[in-house]
Amino acid sequence: MEKARPLWASPLQFVFACVSYAVGLGNVWRFPYLCQLYGGGSFLVPYLVMLVVEGMPLLYLELVVGQRMRQGSIGAWRTISPYLGGVGVASVVVSFFLSTYYNVINAWAFWYLFHSFQDPLPWSVCPVNGNRSGYEEECEKASSTQYFWYRKTLNISPSIEESGRLQWEPALCLLLAWLVVYLCILRGTESTGKVVYFTALLPYCVLTIYLVRGLTLHGATNGLLYMFTPKVEQLVNPKAWINAATQIFFSLGLGFGSLIAFASYNEPSTDCQKHAVIVSLLNSCTSVFASVVTFSIYGFKATFNYESCVNKVILLLTNAFDLEDGFLTADNLEQVKAYLSSAHPGKYGEVLPQMRNCSLKSELDTAVQGTGLAFIVYTEAIKNMEVSQLWSLLYFCMLLLLGVGSMLGNTAAILTPLTDSAAVSRRLPKEAIAGLVCLVHCAVGLLFTMEAGNYWFDIFNDYAATLPLLLIVLVETLAVCYVYGLRRFESDFKAMSGRGLSWYWKVMWAGVSPLLIVGLFVFYLSDYILTGTLQYQAWDATQAHKSPSGCRPEKQLC
């Protein structure tokens, strides 16, 4: 098997494959949200601690297992113990679920990319209504970016019970997304190894361009000050530590079997310890780098919205009280409002319901993650930039590169065990296996292009992987340390690489990391039990906002 097994062209290609897989959309839209939620700069303390005691050791463990056993997840764990083949099967199943809905994000990115060539951008203005007497009511109540996302992109239904029809535009974009993935994985490491140079490096180029542009935007410093101002009280908040551990865990892609699959194509003598440290540090540095970019743009958006709000209040008061143009400014607004309320209480009371309470802090405090950040907040900021089409093209190209890079790892976790299986590879060439895997995923993924598809996407994203992955990685760690035996594992590793394992790795694997995973597992299990039913946010078109909803067991949708 070792002689026939394909290999990476170089260790650098393997590192790029791991970086391309680990650095994904979560670095851009999840980590900045957690920073915003848990104290800005102070969140880096629990994040770095969890990187050292959880992320790095578990990443190294999976790389060593893959490199030593030289098989995909199913074969690797079956080699460790005949009773552990189910761990590999569980990894493949979770990777199948993840790939099915994850590539839908790439389909949405393609949809926005194609619309980025229009001038003006279609999400920058509200469309006129049917009788051309004004704008669409739903768009006026929400915003042009929200309307384009919920109505034009998703055409979202009021609830999950109303599945609606298949949306052919997103369905075609999904087909294109899977075609791109298929072309990248067509010939295994031979084709994937070439693609990862682009999917790993180009997002950094785009992020750097965005950083330069973001730092020159008006109000960017407001966002950066908000990010880097630490809220020390959050260090004693247990949820900050739990979310830091969770972010590290899922950002590195542990438990899916992708890292085991990638490492199985290494030379046995490869220094995977160095690679584990490099990949985990690069992943964390990218999260911080992406947060700087995000908060500079977020500061621009918040400042723009705040100043627009102030200008509307100034115009309202100027017209209502016949004030001289230019008399009211942002600096004296509060003083004039206090004077008008005392001098003309009756008239001021009539105007008051029309005035918004403008606050830069409240704009910055609005925490958004996931698709809301990627397709609403970012597009809101982009539409107000000069040459907005160019920035939109760059942004959605970056999202596509990040998404495709992660998909290469997700599909490798499924394809490697299949191509390792003599029963499958004897009957089908690897190109046909890759084609069938992509075809099945694409067919199942059509569920997410229906009118209720976004609700199913949220449910899969929130519930499909968290608990299974925690359980998988816990069993992996216990299997290596207490079933296979840590001493035997160290002996195998020394024979393979010529180096021993340091006490740090052994202490983390044998005690600290499993205890952390158990803690996370208990927290999420109790959280699901207390929640009671599956929850999702339903879009109310009449009010133009989202409200919490849950699955109804009596309708057998749970």
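The structure is a predicted model, in which local features need pLDDT of at least 70 and side-chain atom pairs count only at pLDDT 80 or more, whereas totals for chains, interfaces and linings use all residues. Residues are numbered from 1 along each chain as its sequence is written, and side-chain values use heavy atoms, with hydrogens and water left out.

**Confidence**

- The chain averages a pLDDT (the predictor's confidence in each residue, from 0 to 100) of 89, and 96% of the residues score at least 70.
- Over residues 551-558 pLDDT stays under 50, and the model has 14 contacts beyond four places in sequence for this stretch.
- Where pLDDT is low, the predicted coordinates should not be read in detail.

**Threonine 318**

- Threonine 318 lies in helix α14, residues 272-320 (helices are DSSP runs of H or I, at least four residues, numbered from the N terminus).
- The side chain of threonine 318 reaches the backbone oxygen of isoleucine 314 at 2.7 Å.
- Apart from neighbours within four places in sequence, threonine 318 is in contact (heavy atoms within 4.5 Å) with Leu323, Asp325 and Leu328.

**Tyrosine 197**

- With neighbours within four places in sequence left aside, tyrosine 197 is in contact with Ser10, Gln13 and Phe16.

Definitions and conventions
Helices (H or I, at least four residues) and strands (E, at least two) are DSSP runs, numbered from the N terminus. A polar contact is a pair of N or O atoms within 3.5 Å; within protein, one must be able to donate a hydrogen and the other to accept it, and residues adjacent in sequence count only if both atoms are side-chain atoms.
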